[in-house]
Amino acid sequence: MDNAELLKELRIDRNQREAHDSGPGRWPWIAAGVLVLLALLGGGAWLWLGQRPLPVKTATAVAPTAAGESGAVLQATGYVTARRQATVSAQITGTLTAVLIEEGDRVTKGQVLARLDDSGYKATLAAVKAQADAAHALVTQYQSQLKQSEHDARRQQQLVERGLVSRQSAEQAQTQVESLRAQLAAQRQQAHAADAQAAVAKVNFDYTVVRAPFSGVVTTKDAQVGEIISPLSAGGGFTRTGVGTIVDMDSLEIDVDVNEAYIGRVKPGMPAEAVLDAYPDWKIPAHVVAIVPTADRGKATIKVRVALEQKDARVVPDMGARVSFLEEKAKAGAAAPQGVLVPATAIVQRDGHSVVFVLDGEQVHQRTVTPAAQTYGDLRLLPTAVSAGESVVVSPPPELKDGSDVQIAKP
């Protein structure tokens, strides 16, 4: 066999080459490795997330009060306002010589708050009083003259009857009487006019003393000694329009804005309960005074006036307040209901039962509860299972279970 035939025997046939290339390669092994890696990563993430604490929000269970028996049908926020509040000013323009008030002072009706420079008004009053006195002196003089003229006229008439004097003399005497009577009447009118001018001057002089229009508390002091005060607004900024502001603390009430969609739940005279933002643990009995018959189209609200039934020095104007409108007044001496109040969103369904999740350290424990039928606005009464002061989870997520680790979410 020669070399050409040997080379021919060593050649690989095309069919054999395709059959060899069509066998299994490396790609299936690579795909299997990727799937195994993804499974390992998924399992690790599931284990890590399963052990991670769930972020939750909590609320504290509180014990109800006797007033809590009045179910709240609506809650609204507002501000403390005063029905009687006045910025006290003078009725004339003048320079302050004394300011007798400070912030926080309690004043009574008619009490002197400030004094203006009265030298000019005092001089004017003295002048018009002198003119009035002079006018009354002339009235007295004309009265004396008239009396004498009447005597003279009677004597002249007697002489005429005797024929001792002419009738003309008697007529002249009578004319003198009538003239003096007219002068006396005119002088009396002038005296009345002088008295009126004196009264005006006296009123203006009294305007130099600024007095309290009603009893109350001074909330602001707006002027100092030496400043000019005027009832008219001055554009230059050097003239004050008021001495101070007085608030009648007995007229304090709360104005709340109620959404017009819920205004039907509020009725005049219905009981309410107010809580000031500054004193969240202090519940003040109140009642609805009136529903203002106008709406705010921008906020879609209607103003409701709420009167406070307890007066206290802690209540001051412009304080923020939250008002709960109640169905009925709590009975005097009634005991507080048993149990605690929790937000309605803290109660969820698990396996057909109402449950709450109570915080215990960094874990929660599930407790089965039976809420009372009576509602208290956004709160529900739990007669048992939860104690006052315990923290419950608000709006528990579906994955929250008994014994789950939790973390308090920041507000």
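Residues are numbered from 1 along each chain as its sequence is written, and side-chain values use heavy atoms, with hydrogens and water left out.

**View 1. Confidence at helix α2 and strand β6.** Helices (DSSP runs of H or I with at least four residues) and strands (runs of E with at least two) are numbered from the N terminus. Among these elements, helix α2 (residues 14-21) has the lowest mean pLDDT, 50, while β6 has the highest, 95. Over residues 17-23 the pLDDT stays under 50, and the model has 1 contact beyond four places in sequence for this stretch, a contact being heavy atoms within 4.5 Å. Where pLDDT is low, the predicted coordinates should not be read in detail.

View 2. The buried residues of α5 include Ala170, Ala173, Val177, Leu180, Leu184 and Gln187, together with Ala191, Ala194, Ala198 and Ala201. Here buried means under 20% relative accessible area, exposed means over 50%, and partly exposed lies in between, with a 1.4 Å probe and protein chains only. The buried residues of α5 pack against α4 (119-162). An α-helix has 3.6 residues a turn, so residues three or four places apart point the same way.

**View 3. The open sheet that contains β6 and β7.** Five strands form an open sheet in the order β7-β6-β4-β9-β10, with mixed pairing; two strands pair if DSSP finds at least two bridges between them. The edge strands β7 (209-211) and β10 (239-240) each pair on one side only. Strand β6 (residues 112-116) runs antiparallel to β7 and is joined to it by 3 bridges, and Ala114 stands opposite Val210 in β7.

**View 4. The open sheet that contains β5 and β8.** This open sheet has 4 strands, ordered β3-β11-β8-β5, and its pairing is antiparallel. Strands β3 (85-88) and β5 (106-107) stand at the edges with a single partner strand each, so one side of each is left without a neighbour in the sheet. Between β5 and strand β8 (residues 216-221) the antiparallel pairing extends over 2 bridges, and Arg106 stands opposite Val217 in β8.

View 5. Strand β12 (residues 252-259) pairs with β15 in the antiparallel sense over 7 bridges, and Glu253 has Ala307 of β15 as its bridge partner. Strand β14 also runs antiparallel to β15, and 7 bridges join the two, with Asp296 standing opposite Thr301 in β15. β14 and β15 form a hairpin with 4 residues between them, and Ala300 in the turn has a positive phi of about 55°, although Ala300 is not a glycine. At 24% relative accessibility, Ala300 counts as partly exposed.

**View 6. The aromatic pair Tyr279 and Trp282.** The structure holds 1 aromatic pair, which is formed by Tyr279 and Trp282 in an edge-to-face arrangement, 6.0 Å centre to centre and with 80° between the planes. Rings of Phe, Tyr and Trp (its six-membered ring) pair if their centres lie within 6.5 Å, and planes under 30 degrees apart count as stacked, over 60 as edge-to-face and the rest as tilted. Tyr279 is partly exposed, with a relative accessible area of 29%, whereas Trp282 is buried, at 14%.

**View 7. Ser324 and its contact with Gln75.** Ser324 lies in strand β16 (residues 320-326) and is buried, with a relative accessible area of 10%. The side chain of Ser324 makes a polar contact of 3.1 Å with the side chain of Gln75. A polar contact is a pair of N or O atoms within 3.5 Å; within protein, one must be able to donate a hydrogen and the other to accept it, and residues adjacent in sequence count only if both atoms are side-chain atoms.

Note on methods: Predicted model: local features only at pLDDT ≥ 70, side-chain atom pairs only at ≥ 80, totals over all residues. pLDDT = per-residue confidence, 0-100.
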